Amino acid sequence: MQKLFGNSSSARFVSDRKGNRKPRKQRRLRPLKVILVLVIIVEILYCLAIFSGIPFIVRLRNMYIETAMSTMTHRWLATAFIPGDIIDEVVSRRNAAADAQIGQNSTWTVATTPAGETVTTPVATAPAPTDPEGKERELTPEQEAFFQLFWELDQNSMFAYVDSHPEAVSGGWDKIKINEAGLDDEGTTIRTVMGEQVLAIDAENQLLLLRVAGSAAPGFSYRGVLAVAKDPSRLTLCPSKGIGSYGQHAGSIAEANNGLLAMTGSGFIDEDGGGNGGALAGACMCQGERYGKHFGWMYKRIELHEDNRLYITDAPNSFGEGTTDAVEFWPALIIDGENAIESDTIFTEMNPRACLGQSRREEILMLVIEGRLISSQGADAMECAEILARHDCYQAMNLDGGTSAIMWYDGEYITRCSNTALDEGRYLPNAWIYAAEPVE
């Protein structure tokens, strides 16, 4: 009987380190308590994320919803976890922003001084260049012409680079060609007056490539390339050989059209992510040839006219008189020097981006932001507008981004596709090309 009692007792009790005997049931309940605490914490965090009115959290929530809802295949990431009325509110606000852009069309009513000179917006300026002894440099006429063309460059950093790389000016300042823009290159030590790193300078072709990087929201970083093409007469939209049936890589389109630089053009119908770039989305014009059908409500169109200026209009409108090249997408970023996005609470999705613009000086601005990568999650539309505004941008529009966003220069790709398995990016129906000579 004593042995039986001892067995029964050991089955119901367990000794702790001090020899105290505690019921075994308490030990079994501990994991359940931990799980319960974790569930409560998750519920609190969920409620905070979904229902909080704290601006920082609202921005992140809107960003998550817009990112998920911007693609057909990823919408479940929002609809499965977030109440429908909250999603509807974000979508409604986005639609209202699209409505607000209807009728906003560029006119190029550039303000001028009494002497007839173009009024430019204030931009960063650098101090006069100095020599190694700290004395102000006297520029040669050739150097003055160079810095007048590439007004963005910090002159001291440019001279420091040339002092270290005298071969860069062996053919003269008007023949400078520096290219450290490759994916495996680190870029130059030259900076712009805005603080951007210079990747390439092609003085003869009036082309400047800059590294842009930053953070559009806490925890989200981006990197990309801004190309500043000084001669707008060299810009054109070139179709793929099989436009309407199949697309080509941006670099292939450039090489077939005497291109120095290429970036994403029109969007295309991409069912289940398997599109081949053939089925054009929206209307476009390539050197006077029309393709596709106009987009409807909310979409905009950016047109290149015979006067070498970019104009933004509503996509349902007929092509403007004198249009030579055009693509349709949305949203417009800058119209006649004014930000076309009224709030930083819309168009907040972090994505790879492709944007086309033109400065008040009529320079072409081609921007591609890498996204969906560990090193670059992407940027929102407002961040892209701010990057372009630093360069006195007067007209700009967001183009088809995502996996299609890509930039090619001088025989190689200088931005990464968000699908790293695609070294040359996706097949595109057309591409914006900056050619080696003016387009006739």
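Reader: Why are H3 and H5 called roughly perpendicular to each other?

Author: The axes of helix H3 (residues 55–69) and helix H5 (residues 84–101) cross at roughly 80 degrees. Angles under 35 degrees count as roughly parallel, over 145 as roughly antiparallel, 65 to 115 as roughly perpendicular and the rest as oblique. H3 and H5 are therefore roughly perpendicular. Their axes come within 10 Å; axes here are lines fitted to C-alpha atoms, for helices over the stretch in contact, with angles running from 0 to 180 degrees between N-to-C directions. The model is a predicted one, in which local features need pLDDT of at least 70 and side-chain atom pairs count only at pLDDT 80 or more, whereas totals for chains, interfaces and linings use all residues. Residues are numbered from 1 along each chain as its sequence is written, and side-chain values use heavy atoms, with hydrogens and water left out.

Reader: Which residues of H3 and H5 meet?

Author: On the H3 side they are Arg61, Asn62, Ile65, Glu66 and Met69, and on the H5 side Ile86, Ile87, Val90, Arg93 and Arg94; contact means heavy atoms within 4.5 Å. The residues of this contact comprise 5 nonpolar, 1 polar and 4 charged. In this division Ala, Val, Leu, Ile, Met, Phe, Trp, Tyr, Cys and Pro count as nonpolar, Asp, Glu, Lys and Arg as charged, and the others, Gly among them, as polar.

Reader: Which residues of H7 are buried?

Author: They are Gln155, Ser157, Met158, Phe159, Tyr161 and Val162. Buried means under 20% relative accessible area, exposed over 50%, and partly exposed in between (1.4 Å probe, protein chains only). Their cover includes H6, strand E3 (177–179) and strand E4 (197–202).

Reader: What makes alanine 229 count as buried?

Author: Alanine 229 has 0% relative accessibility and therefore counts as buried. This residue is part of strand E6 (residues 220–229). Not counting residues up to four places away in sequence, alanine 229 touches Gln206, Leu207, Glu363, Ile364 and Tyr434. Alanine 229 and methionine 366 are 137 residues apart in sequence, yet 7.9 Å apart in space, C-alpha to C-alpha.

Reader: Why is arginine 372 called partly exposed?

Author: Its relative accessible area is 41%, which lies between the cut-offs for buried and exposed, so arginine 372 is partly exposed. Arginine 372 lies in the loop between strand E19 (364–369) and helix H9 (381–389). Although not a glycine, it has a positive phi of about 60 degrees. Most residues other than glycine have a negative phi, and most peptide bonds are trans.

Reader: What phi does aspartate 410 have?

Author: Aspartate 410, also not a glycine, has a positive phi of about 50 degrees. With a relative accessible area of 37%, aspartate 410 is partly exposed. Its loop runs between strand E21 (407–409) and strand E22 (412–413).

Reader: Which peptide bond is cis?

Author: The bond from tryptophan 330 to proline 331 is cis, with omega near -5 degrees. Proline 331 is in the loop between strand E15 (323–329) and strand E16 (332–335).

Reader: What is the mean pLDDT of the protein?

Author: The mean is 90, and 90% of the residues reach 70 or more; pLDDT is the predictor's confidence in each residue, from 0 to 100. Over residues 1–11 the pLDDT is below 50, and this stretch has 4 contacts in the model beyond near neighbours in sequence.

Conventions
Helices (H or I, at least four residues) and strands (E, at least two) are DSSP runs, numbered from the N terminus.
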